[in-house]
Amino acid sequence: MKRKMQVLAFVLALFMLLTALSACGSKSGNSENSNGGNTGNDASPTADAGKSEAKDTITALLPPVSGHYQSNFKQMESDFNALYPNLTLKIEPASWEDMTQKLDTQVNAGSPPDIAFIGSDGISKYVQQGMLMDIKDTATTEMVSDFDPAPLEYMKNGEGLFGFPAYMEVHAIGGNKEYLEAAGIDWKNVQKNGWTFEEFREAIKKGVVKEGDVTKRYGFVFATSGVTAKDYLNILIKNAGMPASFNKDLKYAYTSKNYLEVLKAVRLMIDDGSMPKELSSVDAGKRWNMFLTGQTMITGKGLATFENNANQNNEKLKANDGSAVQGSIPVEYIVLPVPTFLGEEPVSSTVVDGYVTFRGKKEPTAEHKANVVKAAYFLASGKVAATTNNDLFAAHISKSGREAAESMTVNRNPDNVAAVETLLSHANPARPDIPVELGAKAIKMEDEVIIPKLQALLANEISPEEMYEAVKAAAIKNFGEDGIVND
Amino acid sequence: MAQLAKTQIVKPAKRRRWKGDGGWAYAFIAVALIVYAMFTAYPVVSAFIISFQEYRPLGSVFIGFDNYVNTFQDSLFWKSIKNTIVYTVLTVPVSLFLSFAVAILIIPLKKGLQTTFKAVYYLPAVASGVALSVVWLWIFDPMTSGVLNQLLAVFGISNQNWLGSSASAMFSLVLMAWLSSHGTSIIIYLAALLGIDGSYYEAAELDGASFLQKLWYIVIPCLKPTTLFLLVTGVIGSFQVFQNAYLMTGGGPDNATTMVGLLIFNNAFKYFEFGEAAAQSLILTVIIAGISLIQFKFLGNDVEY
């Protein structure tokens, strides 16, 4: 009996060990077929290129890009298979929270998916690792010419093209129509002609409502808690003559005197009482809640889809639906441009997200590469793009997407549509010329110096001058005296 | 003939060795050893190798001691070490004291009530750290509507920017540590308290000892091994703290809550600088090992296990 028990216990322990080992060594069924290009045909890349009918599986890691996006995955997979019967598109859903971690883990293990939906600002990071697949030579002219040039540029790094863009969203700010009009702000004129910081400062002062010493409504609330602080500063400095962290001569731009002026403006708006003194702790959810509950006249950052969110909440309020935001009021969302500083031209901060193409440790075969490009194009264009962008209230950036969207109806404020078009007309151009190493240094400096110092500035712990000096010192350390702008 | 007889004698002896408990012991140890080798030893050795490399999935480059030199020259690394020490000094002793106090309060209760309290105090350890952080973010809401700020308003104190100000961000994380997750320590203390021989208390009562005297002369000395264990593991855990800073403050403001664990995480998974992150991890290991040795040297001399 004792011996039997020993054997049983040992078998169980061994089973546990084997389970752990198999978990370590397991590869998903499709991974063999995907990145390495091992599609069952072990011919050379050039030989494979001709065999376009060979079966292949393309994997894609996709987050919930829009509200209904992930529920369409089955349909997307079958539509792709109907278009290319020899190809299988295998979509792995991921939450936004998991997306980066999941992808990074797969990339660093050398077995990423063929396609992942990420922001174009993440491209340089993966290029530096050598894990992206340049599709410049594989994407057909028809595919490339389908996209608007500006967003397509964001998918490039150096000479390479690393995927197709899904949308180009403008980072703007958004106002409550009723409050804007109550404050005497001609928002239609602002949408068309923009505004200077001085005009904006006066406008948000008028938006403040106080009861005694207590502020009941602020003029402007922007999410600045944690990494969102980056968005706040970036959106402002682009309109102060610094559209990118490096100028055309590849000198670090945030040492310009204009940068200091923007920092002073950041402090001024809080000191005026137009923005809350606790701004450094206001996160994205909080400021949207403040907007819907009438605690601020203008909020940021504002994406086109926020109009949709506001409309949905309005509908819930009308229907007396308990899932409406607690304490919220009906709000008509108005797209507004970010003010310009020091007489500089307006430059809209944009975010381009898209379907980025990855490679594994093994060099992908030409055939597999072509198939991945087909899948990336399928996802980024036509019906899929039209449905997704309409869901997001985002502008269409491909001809096929626009055509597919013609038959779809969207309930959007035409003034907002026009305002977004105006903002897109001076969208910040992509900078694929910035070398990967310089870009990586700038990102790390932003995370380790700029954001922490901005948080301290917002909390009134340091002055704008102190922050400027700290940024300048870090810039000199990273890029040298000759590598920065001295104006 | 003699040789044959020798073989006949040796063979059963070999079989006995395997049949006996010794063979099975080796087999069971082997399972644990393989798991340890794969999931602990191998990653540590890998981290050691990576710390001398510029890590790339498609082929790393050997760069000597550069990662260590960069780490020692990085002011943020030293700031994160300082933050971690401050956090540890403020949280671990108070947490130990609170756990001990709660255990002392629970021990006289009836078994059913004791179990209820154990479960209640252990509950945060079972709950998701992310969910707890969300609750704490709500408590630390900086506006006047925030829970903690409403409490302050009762005393006429204006609202505080708990997580957004360098002056209060670290305190907020410390407060969070003070008021949550003592369950494991409480249960360990309770187990240790139950292990104290009742004759000590009886003798003390006969001598007319007060509650505090019994606590000071019986309970605290008897619990010294437990306290040392909780102190060492608490300090190790505190030096590795990551989740609270990551979820609550992201290390801000102005890196006032950047702990070394968060810095390592950022270097590894945000900037893909696995080499530097591995170097920092190994330096952290050496620091933790050093502190643990000091603790054992000064506090463990008269501890019997």
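Chain A is divided into domain 1 (52-169 + 351-425) and domain 2 (170-349 + 443-483), with bounds that come from an automatic or database domain assignment. This is a predicted model, in which local features need pLDDT of at least 70 and side-chain atom pairs count only at pLDDT 80 or more, while totals for chains, interfaces and linings use all residues. Residues are numbered from 1 along each chain as its sequence is written, and chains are lettered from A and ligands numbered from 1 in the order in which they are written.

The mean pLDDT (the predictor's confidence in each residue, from 0 to 100) of chain A is 88, and 90% of its residues reach 70 or more. Over residues 25-51 of chain A, however, the pLDDT is below 50, although this stretch has 48 contacts in the model beyond near neighbours in sequence. Two residues are in contact if their C-beta atoms, placed from the backbone, lie within 7 Å. Where pLDDT is low, the predicted coordinates should not be read in detail.

The C-alpha centres of domain 1 and domain 2 of chain A lie 29 Å apart. Between these domains, 15 residues of domain 1 are in contact with 16 residues of domain 2. On the domain 1 side, helix 18 (residues 414-425) of chain A gives the most, with seven residues; helices are DSSP runs (H or I, at least four residues) and strands likewise (E, at least two), numbered from the N terminus.

The largest nonpolar core has 134 residues, of which A60(A), I115(A), Y355(A), V356(A), A375(A) and A376(A) touch the most other members. Such a core is a set of buried Ala, Val, Leu, Ile, Met, Phe, Trp, Tyr and Cys residues joined through C-beta atoms within 7 Å, where buried stands for 20 or more other C-beta atoms within 10 Å of a residue's own. Helix 19 (residues 436-458) of chain A gives the most to this core, with nine residues. Both domains of chain A give residues to the core, so it lies between them. Leaving aside neighbours within four places in sequence, I115(A) is in contact with residues including I58(A), V372(A) and A376(A).

Strand 7 (residues 209-211) and strand 8 (residues 214-222) of chain A run antiparallel, joined by three bridges, and E211(A) stands opposite V214(A). These strands form a hairpin with two residues between them, and G212(A) in the turn has a positive phi of about 65 degrees. Strand 8 also runs parallel to strand 9 (residues 296-302) of chain A through four bridges.

Conventions:
A residue is buried if 20 or more other C-beta atoms lie within 10 Å of its own, exposed if 12 or fewer, and partly exposed in between; C-beta atoms are placed from the backbone. Two strands pair if DSSP finds at least two bridges between them.
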